[in-house]
Amino acid sequence: MATRTRSFGIDIGGSGMKAAPVDVSDGSLAADRLRIDTPQPATPKAMAKVVRKLVAHHDWDGPVGVCMPSVVTNGVVRSAANIDPSWLDVDADALFTQAVGHPVSVVNDADAAGVAEMRWGSGRGRSGVVICLTFGTGIGSGLFVDGVLVPNTELGHLELDGPDIEKRAAASARDREGLSWEEWGDRVDRYLTHVVMLFSPELIILGGGASKKPERWVHRLDPGCEVAIAEMANNAGIAGAALLAPEPGALRSARE
Ligand code: BGC
């Protein structure tokens with residue numbers, strides 16, 4: 001298990017790339033996070049440059065964890081719902097490792113946020129099936145069984161009332177369609193009820209930007225299982241990515 005006290009995380013989104021060193025004893029940020037606009041077009045090469053900048057800004061000299069809004073298997077990007085399609089099949093681990101000069105591991109953004117919630121936030125000490133959902137541009141999901149992550153579940157792309165539920169129930173749908181918080185809350189409730197029917201979770205944790213003002217919409221939810229608001233706020237992705245970063249020395253020697 002980790003003996004280090006600090007790690008470094010980067011959370012890549014469609015509009016911003018955010019990074020900070022993280023105290024892995026409690027998931028807090030060990031310095032102010034830096035946010036740089038995601039380059040447009042958000043190609044792998046352009047984003048690798050920003051990753052290098054973020055690491056250099058913090059004078060970080062060690063392994064790095066990165067999360068991004070894609071299916072990621074063994075460091076390779078396998079989906080590009082809300083990012084540039086040129087990411088498909090790119091070995092992001094290798095690309096960022098080369099850019100930074102230290103081992104980098106890349107995971108799905110909602111998996112990282114979920115890992116942070118399970119370690120330090122609303123999922124602390126919880127067993128059974130727990131599902132962490134993030135509501136932002138899309139809907140991300142992190143599924144845990146007795147604290148162990150089942151990666152890349154992509155529950156934002158379930159078919160419900162149409163092909164892709166995130167198009168109607170993500171936070172971005174509320175803005176796009178001018179929905180009231182109540183109307184949007186009802187859509188989220190319908191979605192959560194479906195998720196409960198499929199997985200019978202003990203607990204659903206609601207995160208992402210929309211969880212900042214829960215009083216506006218959580219009273220509309222009654223999906224048939226316990227629901228909690230994420231505690232790690234905006235930093236869940238950074239903190240979880242940092243926790244999942246390679247141990248100092250471990251990956252480097254495995255690769256050499
Ligand atoms: C992507 C997921 C991601 C989620 C939240 C979805 O569109 O497919 O991989 O976790 O957005 O960013």
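This report describes the fold of one protein chain and then some of its residues.

The model is predicted, so local features need pLDDT of at least 70 and side-chain atom pairs count only at pLDDT 80 or more, while totals for chains, interfaces and linings use all residues. Residues are numbered from 1 along each chain as its sequence is written, and side-chain values use heavy atoms, with hydrogens and water left out.

## Overall form

The protein holds 8 helices and 13 strands. Helices (H or I, at least four residues) and strands (E, at least two) are DSSP runs, numbered from the N terminus. Along the principal axes, the C-alpha trace spans about 50 × 40 × 30 Å. For 256 residues, a compact globule would have a radius of gyration near 18 Å, and the value for the protein, 18 Å, agrees with this. That radius is taken over C-alpha atoms, and the globule rule is 2.2 Å times the number of residues to the power 0.38.

Of the 256 residues, 52% count as buried. Buried means under 20% relative accessible area, exposed means over 50%, and partly exposed lies in between (1.4 Å probe, protein chains only). The accessible surface comes to about 11,300 Å², and carbon and sulfur atoms account for 50% of that surface. Accessible areas come from the Shrake-Rupley method with a 1.4 Å probe, and for residues only the protein chains shown count as cover.

Contact means heavy atoms within 4.5 Å. Among contacts between residues at least 6 apart in sequence, 62% join residues at least 24 apart.

Helix H3 covers residues 109-120, and its 12 residues reach 17 Å from the first C-alpha to the last, close to the 16 Å expected at 1.5 Å a residue. The expected span is 1.5 Å times one less than the number of residues. H3 is mostly covered, with 10 of its 12 residues buried. Among the buried residues are Ala110, Asp111, Val115, Glu117 and Trp120.

Methionine 118 also lies in H3 and is buried, with a relative accessible area of 11%. Leaving aside neighbours within four places in sequence, methionine 118 is in contact with Gly123, Arg124, Gly125, Arg126, Val130, Phe144 and Gly147. Isoleucine 131 is 13 residues from methionine 118 in sequence, and their C-alpha atoms are 9.9 Å apart.

## Two further buried residues

Valine 51 is in helix H1 and counts as buried at 0% relative accessibility. Beyond the neighbours within four places in sequence, valine 51 is in contact with Ile10, Ile12, Met17, Phe96 and Val100.

Isoleucine 204 is found in strand E12 (residues 203-207) and is buried, with a relative accessible area of 0%. Again leaving aside neighbours within four places, the contacts of isoleucine 204 include Ile131, Leu133, Leu192, Val195 and Cys225.

The table gives some C-alpha separations.

| Pair | Apart in sequence | C-alpha to C-alpha |
|---|---|---|
| Valine 51 and glycine 240 | 189 residues | 17 Å |
| Isoleucine 204 and proline 223 | 19 residues | 9.5 Å |
| Serine 180 and arginine 216 | 36 residues | 9.4 Å |

## Loop residues

Serine 180 lies in the loop between helix H5 (171-177) and helix H6 (181-199). At 29% relative accessibility, serine 180 counts as partly exposed.

The peptide bond from glutamine 40 to proline 41 is cis, with omega near -5°. Proline 41 sits in the loop between strand E4 (34-37) and helix H1 (44-57).

Aspartate 89 is not a glycine, yet has a positive phi of about 70°. This aspartate is placed in the loop between strand E7 (76-77) and helix H2 (92-100), and is exposed, with a relative accessible area of 54%.

Aspartate 146, likewise not a glycine, has a positive phi of about 50°. Its loop runs between strand E10 (139-145) and strand E11 (148-150). Aspartate 146 is exposed, with a relative accessible area of 54%.
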